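Q: Can you walk me through this one? I'm new to it.

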Amino acid sequence: MRIGYGWDSHEFQKGVPLKIGGVEIAHDKGLAGHSDGDVLLHAITDALLGAVAAGDIGSYFPPSDPKWKGADSVIFLEEALKQVRLAGYKVSNVDSTLILAEPKIVPHAKRIQARVAELLGVKPGQVGIKAKTPEGMGTDNAAIAHVAVLLERAAKLRSHQRKSSRAKKGKTLKRGGRE
């Protein structure tokens, strides 16, 4: 098993759509960022990449590259999932905490949970979505996301490893018997 942790934050800005977890939420301000500012998908992306020691979101999608200006953060998440699969893992579960003064997340939590689960290829019950207010921390004009992911070896790889392990044991026994 592997554990990954991701964190991201973006300031609110007028005239920008608000996207959290791949869901557009009606609000008078959105999250400013080089891409679409989806703070939750960015944190999940970093958590996934970190869990397989594959760098961070900026190493794949540098903010200095104009190609990523306004990009849909789903692209970032898909790349992180590709790295997870290449490393031989799959997502077991995700737990997240959003910190923002507004809008309230509870009315949107089930939609966010369902969308994140869909993007990750897991069931909604494997995705935790929680929200807190900043409680006077001076971050009322920002959204912050903290994410933990748990990865487990993919079944195909485990099956392949067992066969490979048996083959190696057989070769070792034969070699041992001849020497």
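Q: How do H1 and H4 pack, at what angle and with their axes how far apart?
A: This is a predicted model, in which local features need pLDDT of at least 70 and side-chain atom pairs count only at pLDDT 80 or more, while totals for chains, interfaces and linings use all residues. Helix H1 (residues 39-51) and helix H4 (residues 109-120) pack at about 35 degrees, and their axes are 12 Å apart. Axes are lines fitted to C-alpha atoms, for helices over the stretch in contact, and angles run from 0 to 180 degrees between N-to-C directions. Helices (H or I, at least four residues) and strands (E, at least two) are DSSP runs, numbered from the N terminus.

Q: Which residues make that contact?
A: From H1 come Leu40, Leu41, Ile44 and Leu48. H4 brings Ile112, Val116, Leu119 and Leu120. Contact here means heavy atoms within 4.5 Å.

Q: How many of them are nonpolar, polar or charged?
A: The contact of H1 with H4 has 8 nonpolar residues, no polar ones and no charged ones. Ala, Val, Leu, Ile, Met, Phe, Trp, Tyr, Cys and Pro count as nonpolar, Asp, Glu, Lys and Arg as charged, and the others, Gly among them, as polar.

Q: Is the crossing of H1 and H4 left-handed or right-handed?
A: H1 passes H4 in a right-handed crossing. A crossing is left-handed if the near helix is turned anticlockwise from the far one by less than a right angle, and right-handed if clockwise.

Q: And H1 with H3, what angle there?
A: H1 and H3 pack at about 15 degrees, with their axes 9 Å apart. H1 is therefore roughly parallel to H3. Angles under 35 degrees count as roughly parallel, over 145 as roughly antiparallel, 65 to 115 as roughly perpendicular and the rest as oblique. The crossing of H1 and H3 is left-handed.

Q: Which residues meet there?
A: On the H1 side they are Leu41, His42, Ile44, Thr45, Leu48 and Leu49. On the H3 side they are Val74, Phe76, Leu77, Ala80, Leu81, Gln83 and Val84. By class, the contact of H1 with H3 has 10 nonpolar, 3 polar and no charged residues.

Q: Switching to the core. Which residues touch the most other members of the largest one?
A: The largest nonpolar core has 42 residues, and Ile20, Leu40, Ile44, Leu48, Leu98, Ile112 and Leu120 touch the most other members. A nonpolar core is a set of buried Ala, Val, Leu, Ile, Met, Phe, Trp, Tyr and Cys residues joined through side-chain atoms within 4.5 Å. Buried means under 20% relative accessible area, exposed over 50%, partly exposed in between (1.4 Å probe, protein chains only).

Q: Which element gives the most to this core?
A: H1 does, with 9 residues. Apart from this core lies another, of 5 residues, including Ile57, Phe61, Trp68 and Phe76.

Q: Back to Leu40. What does it touch?
A: Leu40 lies in H1 and is buried, at 0% relative accessible area. Not counting residues up to four places away in sequence, Leu40 touches Ile20, Gly21, Ser96, Leu98, Ile112, Val116, Ile129, Ala145 and Val147.

Q: Is Gly33 buried or partly exposed?
A: Gly33 is partly exposed, at 27%. Gly33 sits in the loop between strand S4 (29-31) and H1. Beyond its neighbours within four places in sequence, Gly33 is in contact with His10 and Lys69.

Q: Which bits of backbone stand out?
A: A cis peptide bond joins Glu102 and Pro103, with omega about 0 degrees. Pro103 lies in the loop between S5 and H4. Ala53 has a positive phi of about 55 degrees, although it is not a glycine. Ala53 is in the loop between H1 and helix H2 (57-60), and is exposed, at 68% relative accessible area. Glu135 also has a positive phi, of about 50 degrees, and is not a glycine. Glu135 lies in the loop between S6 and S7.

Q: How many helices and strands does the protein chain have?
A: The chain has 5 helices and 7 strands. Buried residues make up 42% of its 179 residues. Residues are numbered from 1 along each chain as its sequence is written, and side-chain values use heavy atoms, with hydrogens and water left out.
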